[in-house]
Amino acid sequence: MILIELFYTFFKIGLFGFGGGYGMLSLIQGEVVTRYGWMTMQEFTDIVAVSQMTPGPIGINSATYVGYTAVVNVGGSPLMAVVGSLTASFAVMLPSFVLMIIVSRYFMKYSKHKRVEALFKVLRPTVVGLIASAALLLMNSANFGSFAVDSLHFWVSVALFLFAFVALRLFKISPILILVICGAIGGIVYGVQG
């Protein structure tokens with residue numbers, strides 16, 4: 001039953017997930033954490049972090065990890081969890097694959113049509129909103145900690161966030177280098193603390 005639910009959920013996310021993987025994150029969270037309860041918010045944010053660090057599109061990576069974790073969390077075997085990963089990954093890619101075949105056939109012919117241009121004018125701010133929603137979704141106590149519970153974790157998280165933001169936006173430092181630097185800082189701070 002969960003495989004059918006995974007396929008339906010990720011097919012729907014793939015169909016309506018405008019804006020790429022980051023635009024899909026809020027949809028994925030709404031379905032797998034809030035609606036179905038297949039995982040906790042902490043597990044979901046961990047999956048997002050791993051999905052960002054692994055090669056490939058974040059939406060497909062997230063679907064793969066969510067498919068596996070959801071099946072395991074409902075009591076499925078590791079083999080069924082692999083099938084869950086494949087199901088979620090296939091389902092999230094299928095709408096894009098079909099739509100791109102159709103669109104590529106007609107886009108060049110109708111790209112300057114007034115209705116097509118109007119559609120893109122509407123989609124651009126929608127995509128920005130979905131990406132902003134994904135960013136705000138990740139700004140939670142699971143990622144930043146709580147000042148009242150663990151002030152060191154909270155302030156280290158805020159400092160790493162600000163460093164990464166400034167390094168990327170103002171100094172155009174490579175995201176890979178930012179991940180390495182932040183990982184080293186986190187390892188030192190939490191290695192000393194633990």
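Mentor: E31 is buried, with a relative accessible area of 13%; buried means under 20% relative accessible area, exposed over 50%, and partly exposed in between, with a 1.4 Å probe and protein chains only. Before going further, the conditions: this is a predicted model, in which local features need pLDDT of at least 70 and side-chain atom pairs count only at pLDDT 80 or more, while totals for chains, interfaces and linings use all residues. Residues are numbered from 1 along each chain as its sequence is written, and side-chain values use heavy atoms, with hydrogens and water left out.

Side chains of opposite charge can pair when their charged atoms come close. The criterion for a salt bridge here is a side-chain nitrogen of Lys or Arg within 4 Å of a carboxyl oxygen of Asp or Glu. A search of the whole structure with that criterion gives 2 salt bridges. One of them joins the side chains of E31 and K12, at 3.4 Å from N to O. E31 belongs to helix α2 (residues 20-35) and K12 to helix α1 (residues 2-16), so this pair ties together parts that are 19 residues apart in sequence. Helices are DSSP runs of H or I with at least four residues, strands are runs of E with at least two, and both are numbered from the N terminus.

E31 also meets R35 in a salt bridge, with 3.2 Å from N to O. Here both residues lie in helix α2, 4 residues apart, which is about one turn of the helix. R35 counts as partly exposed, at 48% relative accessibility, whereas E31 is buried.

Now the surroundings. The chain has 9 helices and 0 strands. Its C-alpha atoms fill a box of roughly 60 × 45 × 25 Å along the principal axes. Of its 194 residues, 30% count as buried. Residues 24 or more positions apart account for 56% of the contacts with a separation of 6 or more, a contact being heavy atoms within 4.5 Å.

On charge, the chain carries 11 positive and 6 negative side chains, and the centres of the two sets lie 25 Å apart. Lys and Arg count as positive and Asp and Glu as negative, with His and the chain ends not counted; each charge is placed at NZ of Lys, CZ of Arg, CG of Asp or CD of Glu.

In α6, L130, A134 and L137 are buried, and what covers the buried residues of α6 includes α2 and α3 (41-53). The 24 residues of helix α6 (residues 114-137) should span 34 Å at 1.5 Å a residue, and the end C-alpha atoms are 35 Å apart, which agrees. The expected span is 1.5 Å times one less than the number of residues.

P57 lies in the loop between α3 and α4 (58-73) and is partly exposed, with a relative accessible area of 48%.
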